[in-house]
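Biologist: I am new to this structure and would like a close look at a single part of it. Please take me through the pocket and its ligand.

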Amino acid sequence: MLNRQPLRCWAEISRRQIGENFDAVRRLVAPAVELAPVVKADACGHGAVEVSRILCERGARWLAVASTGEGVRLREAGVGVRILVMADFLQVEPSALIGYGLTPVVHSLPDILAWDKLNRQHGVSRPYHLKVDTGLCRLGTRATAPEIAEAVRGCSAAQIEGLMTHFASAADYTGAQTTEQITSFLQLAAALRQCGIAIRYLHLSGTVPIAYGRREAWQQMVRPGHAIYGYVAPASGDAAPPSMLHVRPALTWKASILAIKDVPLGAGIGYRATYRAPAPMRLAILAAGYADGIPHQLANTGQVIAGGKLAPIVGAVGMDLTSIDITSSPHLQPGDAVTLLGSEGGISIDAQQLGQMAGTSSYSILCGIAARVKRVWV
Ligand SMILES: *Cc1c(COP(=O)(O)O)cnc(C)c1O
């Protein structure tokens with residue numbers, strides 16, 4: 001039986017912690033503000049279907065994904081709540097949006113009219129959310145309120161339900177970009193109201209503006225992603241308030257020791273011998289590498305927790321194997337597990353810290369945990 005054999009590399013994910021993190025966000029913003037937890041990118045590597053089920057059991061009425069395909073996958077798994085598709089072409093799989101009852105975010109005025117036409121062709125009258133670009137210069141229309149109003153009024157079937165934007169520098173309290181984005185968004189929404197366009201949900205915020213309490217950016221809906229997985233990115237600047245959100249990582253990432261090896265002083269360790277043993281050393285060879293999601297940038301700089309102590313990564317990170325120095329934990333044996341993310345013996349490493357060691361973010365660490373890493377729900 002495969003499930004009785006030791007795993008090479010796996011992630012343990014806590015259902016309870018996912019639920020508690022959702023509740024923490026809800027407690028902070030409820031009852032006035034609707035939540036659309038973001039489960040894109042397979043719930044940031046946690047498993048979108050399972051995470052969505054947990055959130056729906058806890059009362060989530062909306063979910064947000066990046067692509068139509070991600071939304072279809074949730075529908076096929078039986079997820080029945082509203083699903084917002086935030087970043088796809090309307091032209092790709094448009095009838096799947098209708099057929100699976102997904103709500104698109106449209107990014108341009110022609111897309112509003114295209115969505116209307118599609119609705120008429122199918123004989124339905126479905127809502128859409130419009131994204132406006134208030135400064136990120138990525139997706140979203142830069143049209144004026146009268147231009148938007150004209151496109152919205154030009155629809156006979158499609159219904160505008162939401163107006164949204166996305167921040168460029170939400171965690172940066174040294175500059176004014178976020179405030180400027182909020183101001184221009186709220187001005188646009190007010191101008192649309194004056195044009196007679198009523199919109200049920202204005203939404204701007206992911207985790208960071210929720211956690212640091214930018215209430216003017218909460219409006220009627222928020223889109224927490226990272227918070228659901230237990231993370232809030234640190235804010236920068238003296239004006240940064242403390243986070244109001246108390247969430248904890250739901251995912252623990254482990255790897256097995258495949259072999260133990262003693263090497264002499266001066267041994268060149270790993271590809272290209274980028275590390276020379278400064279003394280006789282004991283190594284553990286882990287059954288995990290960059291193909292599992294350990295960033296190759298952790299070569300000679302990263303650490304894992306082995307035997308309840310920090311153990312440095314020595315030499316290059318290979319595709320399938322990584323070596324660590326366990327000279328100070330000589331009792332470790334092949335088959336023992338080490339912790340890549342999580343707590344052990346009072347020490348912990350989270351994705352924020354691992355990301356810092358690798359010169360990247362907690363987001364990319366979590367999304368980088370590869371599909372071949374088995375997810376174990378606990
Ligand atoms: C990913 C995403 C979010 C969620 O952001 P977090 O920082 O993970 O909470 C919110 N809104 C949009 C448009 C996104 O793409």
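Which element supplies the largest share of the lining of the largest pocket?

Modeller: This is a predicted model. The largest share of that lining comes from α2, with 4 residues. Helix α2 spans 40-44, and it is listed with α9 (207-211), α10 (226-229) and α12 (362-368) as elements that each supply at least two lining residues.

The largest pocket holds about 730 Å³ of space. It is lined by 31 residues, and those closest to its centre are Lys-40, Arg-138, His-166, Gly-206 and Tyr-363. By class, the lining has 21 nonpolar, 6 polar and 4 charged residues.

The ligand takes up the space of this largest pocket. Around the ligand are Val-38, Lys-40, Met-86, Met-164, His-166, Gly-206, Thr-207, Arg-223, Pro-224, Gly-225, His-226 and Tyr-363. This shell has 5 nonpolar, 5 polar and 2 charged residues.

Now the contacts of the ligand with individual residues. At Lys-40, an N or O atom of the side chain is 2.7 Å from an oxygen atom of the ligand. At Tyr-363, an N or O atom of the side chain is 2.5 Å from a ligand oxygen. Taken alone, the ligand exposes 390 Å², and the protein buries 88% of that.

Technical notes:
Residues are numbered from 1 along each chain as its sequence is written. This is a predicted model: local features need pLDDT of at least 70, side-chain atom pairs count only at pLDDT 80 or more; totals for chains, interfaces and linings use all residues. Side-chain values use heavy atoms; hydrogens and water are left out. A residue is near a molecule or strand if one of its heavy atoms lies within 4 Å of it. A polar contact is a pair of N or O atoms within 3.5 Å; within protein, one must be able to donate a hydrogen and the other to accept it, and residues adjacent in sequence count only if both atoms are side-chain atoms. Accessible areas come from the Shrake-Rupley method with a 1.4 Å probe; for residues, only the protein chains shown count as cover. On a 1 Å grid over the protein atoms alone, a cavity is a set of points where a 1.4 Å probe fits but cannot get out, and a pocket is an open set with protein on both sides within 12 Å along at least five of seven lines; lining residues have an atom within 4 Å of a point. A molecule sits in a cavity or pocket if more than half of its atoms lie within 2 Å of its grid points. Ala, Val, Leu, Ile, Met, Phe, Trp, Tyr, Cys and Pro count as nonpolar, Asp, Glu, Lys and Arg as charged, and the others, Gly among them, as polar. Grid points are joined across faces, edges and corners, and a volume is the space filled by probe spheres set on the points.
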